[in-house]
Amino acid sequence: MLERCASAGANPFVNPQSTSCKGITRCTAQHFQYYTLNVRSPKSEKKTRGIFRRTETASLYLEDGLKPKYPIFGAALEQLELNQTTYPNVPRFVVDCVEYIEHKDRIVQDGLYRACGNKFSIDELKQKLTESYIYDPKLLIADDIHTITSLLKQFFRELGAPLIPQEIYERLGRNLSDDEGIETIRKAFEDMKEPNRSTLTFIIKHLTNVAAFSSSNRMNASNLAIVWGPCLLSASQIDFDIGRMNTFAKVLIENYEHIFSPDTNERLVC
């Protein structure tokens, strides 16, 4: 009987409720406690002959009462799942989005970051990521690149605390774009805590990569600054004027090499 039950457990087509296995099934079940994870996606139900049947996917989604292992949206950076290999102290979600966007066929898309993605597609993808107990980078797939770029901008706008802390921003001089102003920015950023500094370095490097293809995507430093200024500074949490915000973001992109003195946060378009 033990042999028959072992084979039943390994074979999903054998009924574990057969008479010979019921006793052992009841005994072994008493020794385990576990949380139920529903292996499905929000669209994982197919209709067959009028009956909805669930189909399995590779992502684990939450049953009622369970929270994600790590949040993605609306939390402070230190609460997120951080990359500790290729880009230490940068959220995994950010690294994966940038890798997706910087593919050679996507980074040249016209209006990258300026054009908005379809709201329904953005909300749907955000819901999948939010409901996933374990973050799955395979979910970062979209028919339209603007869905991913819009979601990445939304991620930074919704951070629980600004990417650039207010105390750092307040240390900057009145003139941001002259040599003295750029040096003041560099020194202020040296005092920025992790993971903010590594994340800011990573995303500004990404924006310089996007600007490098401005002849194709028409997104030079000025255009990117207009789009990304509110994301970097979390406009709802820091008091500043729009002109200064745009100038600040542009200075970061155009003077990346000097301000961040990069050693390990370099990327190449794949």
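1. Helices here are DSSP runs of H or I with at least four residues, strands are DSSP runs of E with at least two, and both are numbered from the N terminus. With that in hand, look for P195 in the loop between α7 (179–190) and α8 (196–211). The peptide bond leading from E194 into P195 is cis, with omega near 5 degrees.

2. A word on what you are looking at. This is a predicted model, in which local features need pLDDT of at least 70 and side-chain atom pairs count only at pLDDT 80 or more, while totals for chains, interfaces and linings use all residues. Residues are numbered from 1 along each chain as its sequence is written, and side-chain values use heavy atoms, with hydrogens and water left out.

3. Now the whole chain. The protein chain has twelve helices and six strands. Of its 270 residues, 43% are buried (buried means under 20% relative accessible area, exposed over 50%, and partly exposed in between, with a 1.4 Å probe and protein chains only). Contacts mean heavy atoms within 4.5 Å; among those between residues at least 6 apart in sequence, 69% join residues at least 24 apart.

4. Next, the surface. The protein chain exposes about 15,400 Å², and carbon and sulfur atoms supply 49% of that area. Accessible areas come from the Shrake-Rupley method with a 1.4 Å probe, and for residues only the protein chains shown count as cover.

5. Most residues other than glycine have a negative phi, and most peptide bonds are trans. N89, in the loop between β5 (82–83) and β6 (90–91), has a positive phi near 70 degrees. Y113 also has a positive phi, of about 80 degrees, and sits in the loop between α3 (92–101) and α4 (119–131).

6. Are these two residues buried or exposed, or in between? N89 counts as partly exposed because its relative accessibility is 23%. Y113 counts as buried because its relative accessibility is 0%.

7. Finally, look inside. A cavity is a set of points, on a 1 Å grid over the protein atoms alone, where a 1.4 Å probe fits but cannot get out; lining residues have an atom within 4 Å of a point. Points are joined across faces, edges and corners, and the volume is the space filled by probe spheres set on them. The whole structure has one cavity of 30 Å³ or more, and the largest cavity has a volume of about 80 Å³. Its lining includes Y70, F93 and F155.

Technical notes: 1 Å grid on protein atoms, 1.4 Å probe; cavity = no way out; pocket = protein on both sides within 12 Å on 5 of 7 lines; lining within 4 Å.
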